[in-house]
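Me: I have a structure open and would like to talk through its side-chain contacts with you. Could you take my questions one at a time?

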Amino acid sequence: MPKVLPRVELITYTPNPEETIATAAKLCYSDATIEDIKKGVESKDISKFISRLLSLGHMSPFEHASFTFGIEGVSRALLAQITRHRIASFSVKSQRYVSASTQDTFNYVIPPAIEELGDGYVRKFEEEMKIMQGWYCEWQNLLGGNSESANEDARFVLPNAAETKMIVTMNARELMHFFRLRCCNRAQWEIREVAWSMLKLVTNVAPTMFETAGPSCVNGACSEGKMSCLKMKEVKEKRKNL
């Protein structure tokens with residue numbers, strides 16, 4: 001079935017990310033050699049130090065740890081949103097080099113709100129995707145067949161629902177900013193789901209670093225003001241059980 005669901009994988013990350021951050025931070029306040037600072041960090045429990053950096057808002061050291069994710073089963077609509085986070089690196093499946101005519105219907109994302117309308121409306125949505133697949137194949141043939149030059153223009157009839165895949169790398173500081181915005185209930189549903197999956201993955205490997213990460217209401221007041229979802233208690237519980 002061409003319907004797809006989001007899947008997020010933590011591919012790689014800076015080894016010992018919290019030690020790397022602590023070393024960078026301690027260097028700012030010490031005249032010792034880098035080697036001595038490293039040895040001091042490695043020999044101690046640095047969790048309290050990391051927590052202190054977070055409480056002080058000393059965030060530049062967190063830029064020295066990066067995390068790389070594989071994301072698939074998401075829409076081109078999500079791509080437009082996630083690439084607004086410019087302190088990040090993206091590698092994205094190309095609709096120019098990868099043809100959408102290798103199967104009966106291209107993979108696509110069905111919004112939950114449409115699924116909630118019932119099976120009949122889901123079938124309507126699926127039929128519309130097949131129609132667009134037909135448009136794509138028609139234009140591809142008119143433009144020369146399954147080739148790079150034909151794909152790059154035939155893709156103009158593909159919808160935002162069409163699946164894409166990407167590799168995304170962010171440093172820890174940018175990830176915290178990303179989680180603050182995209183884990184919020186006010187964020188669009190698809191990128192919110194991806195953000196929570198990413199948060200769970202990095203919390204597993206760097207729990208102290210990301211102990212306060214999440215939407216603003218997790219550790220303080222809601223930043224949405226009058227547009228608040230008013231579900232802060234539920235959000236805090238979700239973060240606690242992550």
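Me: Happy to start with Arg 7: what is its relative accessible area, and which class does that give?
Reply: This is a predicted model, in which local features need pLDDT of at least 70 and side-chain atom pairs count only at pLDDT 80 or more, while totals for chains, interfaces and linings use all residues. Residues are numbered from 1 along each chain as its sequence is written, and side-chain values use heavy atoms, with hydrogens and water left out. Buried means under 20% relative accessible area, exposed over 50%, and partly exposed in between, using a 1.4 Å probe and protein chains only. Arg 7 has a relative accessible area of 45%, which makes the residue partly exposed.

Me: Which residue forms a salt bridge with Arg 7, and how far apart are the closest N and O atoms?
Reply: A salt bridge here is a side-chain nitrogen of Lys or Arg within 4 Å of a carboxyl oxygen of Asp or Glu. Arg 7 bridges to Glu 72, with the closest N and O atoms 2.6 Å apart.

Me: Why does that pair tie together parts of the chain, and how many residues apart are they?
Reply: Helices (H or I, at least four residues) and strands (E, at least two) are DSSP runs numbered from the N terminus. Arg 7 belongs to strand 1 (residues 7–13) and Glu 72 to strand 2 (residues 66–75), so the bridge joins parts separated in sequence by 65 residues.

Me: Which residues make up the salt-bridge network with Arg 7?
Reply: The search of the whole structure gives 9 salt bridges. The network links Arg 7 with Glu 9 and Glu 72.

Me: Where do Glu 148 and Arg 96 lie, and how many residues apart are they?
Reply: Their side chains meet in a salt bridge, 2.8 Å from N to O. Glu 148 is in helix 7 (residues 148–154) and Arg 96 in the loop between strand 3 (89–92) and helix 5 (112–115), so the parts tied together are apart in sequence by 52 residues.

Me: What separates Glu 128 and Lys 124 within helix 6?
Reply: These two form a salt bridge as well, with the closest N and O atoms 3.3 Å apart. An α-helix has 3.6 residues a turn, so residues three or four places apart point the same way. Glu 128 and Lys 124 are 4 residues apart in helix 6 (residues 119–142), a separation of about one helical turn.

Me: Which helices do the buried residues of helix 6 pack against?
Reply: Among the buried residues of helix 6 are Val 122, Phe 125, Met 129 and Tyr 136. With contact meaning heavy atoms within 4.5 Å, the buried residues pack against helix 5 and helix 7.

Me: Now the rings: what geometry do Phe 67 and Phe 210 adopt?
Reply: Rings of Phe, Tyr and Trp (its six-membered ring) pair if their centres lie within 6.5 Å; planes under 30 degrees apart count as stacked, over 60 as edge-to-face and the rest as tilted. Phe 67 is buried at 0% relative accessibility, and Phe 210 is buried at 0% too. Their ring centres are 5.5 Å apart and their planes lie at 75°, so the pair is edge-to-face.

Me: Which residues form the aromatic cluster?
Reply: The count comes to 6 aromatic pairs. The cluster consists of Tyr 13, Phe 67, Phe 178, Phe 179 and Phe 210.
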